[in-house]
Amino acid sequence: MQPLLIYNTLSHQKELFTPLTPDHVGMYVCGPTVYGDGHLGHARPAITFDVLFRYLTHIGYKVRYVRNITDVGHLEHDADEGEDKIAKKARLEQLEPMEVAQYYTNRYHAAMDRLNVLRPSIEPLASGHIIEQIELVQKIMDAGFAYESNGSVYFDVRKYHEHFKNYGQLSGRVIDEMLSTTRELDGQSEKRDTADFALWKKASPEHIMRWRSPWSVGFPGWHTECTAMGTKYLGELFDIHGGGMDLMFPHHESEIAQKTACCGHGPCKYWMHNNMITINGQKMGKSLGNFITLDEFFTGNHKLLQQAYTPMTIRFFILQAHYRSTVDFSNEALMAAEKGYSRLMQAYKTLQRLQPSKSSSVDVKEYRQKCYDAMNDDLNTPIVISHLFDMAKLINTVNDRKATLTQADIDELKGVMDTFVFEVMGLRDEASSDNTALIDGLMKMILDIRATAKANKDWATSDKIRDALGALGVTVKDGKDGATYEL
Ligand SMILES: [Zn+2]
């Protein structure tokens, strides 16, 4: 097994990954809240943890990857007050809440498929696990770290922290400051302290997503779903919990508190967080209104976009940065990614038709291990890409007959590219999808008809074909061995 180092947000250092159960990995990643279209900010965690999932599988682990769908209970801005995002959208659009959730889930899946993000092993819905969440809330109450207030249940942060002394450890927040500097509670508040968060909320009459519980007809707090579903599908303690950095507080901090209140320890051994995508230095997000949806990238239909960008350009753009670095969106950066991606695909194609020599003038043995070393160093995809670019350069040099490679070395390069470009980084050759074969077949047929027309001196037909193809951007070149075409 490869010695994989991953950065554990909880310990603030890179640690050697050792799974709780040999050869098996349990991994939980916070999935989307399905009340709107996925944007570039959603693509990053999906791609980051897709690469981790792919790499762990590649190096021989059996991975159970759980990524939830938040279709209930995620409240806007203040995690405790306000209205459920999905219920609000449903009310605005006069739809059944589950209709909204299903619609956006479908669209999320379609966008992820285009980005070549593999589906997780289990994709549980929060709304399908209300009983598990109620049981969790009851457990926390039984342990003495939650209280009921007017039909709602709140987590008692102060009491919890006095006992376990770890609230704020993940996010680096100082809990004493949070407890003492938060605004005075007015007499209306149900909470004992502003730092307390809802485990269960009593539904107001106009709230349309509601379930029966021992405390009220209501709905679970946002943080309970991941604790309940992570435990259900991965056990009391699992290996990796991932998500975007923006989820560290309050979401993941609260997940740790909920789990610790029940069983004395947090949910997982390693916490992993991807950094944000910024736009003019500001986080890209729905609540900030500065986001570009994935479909808008794919069509180019947004005022900030100078052109359309293919799914693989987006994927390559994200992989060009280390997942813990911020990435700033710009058209220039995306165009550079587009070039880089096509350079790699072109090199792969050139590699397939390289002529082998009797001996190699260069050594290619190191590339494979270099790529593994980069991946093992906390998934350093930009370094992997730089090694692949070195390989691309070498491939072009051999193609220009300025260096030589044996068949065995050519095969070695093919193996490295197959593994790291396609299997691990999950890139896909967009130009050579099934359409290419179809276009090629159609072009052969058209050029055949044209050749027959020319043989019959039917110049009108042969010119008509050439001009029509020209109008479509297809150049026909007549050579000694017949006509060829270029798109
Ligand atoms: Zn979560």
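Select Gly 36 to begin: setting aside residues within four places in sequence, Gly 36 is in contact with Tyr 104 and Lys 286 (contact means heavy atoms within 4.5 Å). This is a predicted model, in which local features need pLDDT of at least 70 and side-chain atom pairs count only at pLDDT 80 or more, while totals for chains, interfaces and linings use all residues. Residues are numbered from 1 along each chain as its sequence is written, and side-chain values use heavy atoms, with hydrogens and water left out.

Stay on Gly 36, in the loop between β3 (24-29) and α1 (40-58). Helices (H or I, at least four residues) and strands (E, at least two) are DSSP runs, numbered from the N terminus. Gly 36 is buried, with a relative accessible area of 13%; buried means under 20% relative accessible area, exposed over 50%, and partly exposed in between (1.4 Å probe, protein chains only).

Next, select helix α3, residues 97-114. Its 18 residues reach 26 Å from first C-alpha to last, close to the expected 26 Å (1.5 Å times one less than the number of residues). Colour the buried residues of α3: Pro 97, Val 100, Ala 101, Tyr 104, Thr 105, Tyr 108, His 109, Ala 111 and Met 112. They cover an arc of only 165 degrees around the axis, so they sit on the same side of α3; the arc is that of the directions from the helix axis to the C-beta atoms. After α3 comes Asn 116, with a positive phi near 60 degrees.

Move to Glu 225 in helix α7 (residues 222-234). Is Glu 225 buried or exposed? Glu 225 is buried, with a relative accessible area of 1%. Leaving aside neighbours within four places in sequence, its contacts include Tyr 28, Asn 68, Ala 126 and Gln 133.

Then select Asn 331, in helix α11 (residues 331-352). Asn 331 is buried at 6% relative accessible area. Not counting residues up to four places away in sequence, Asn 331 touches Leu 304, Leu 305, Gln 306, Gln 307 and Tyr 309.

The last stop is Met 445, in helix α15 (residues 434-455). Met 445 is partly exposed, with a relative accessible area of 48%.
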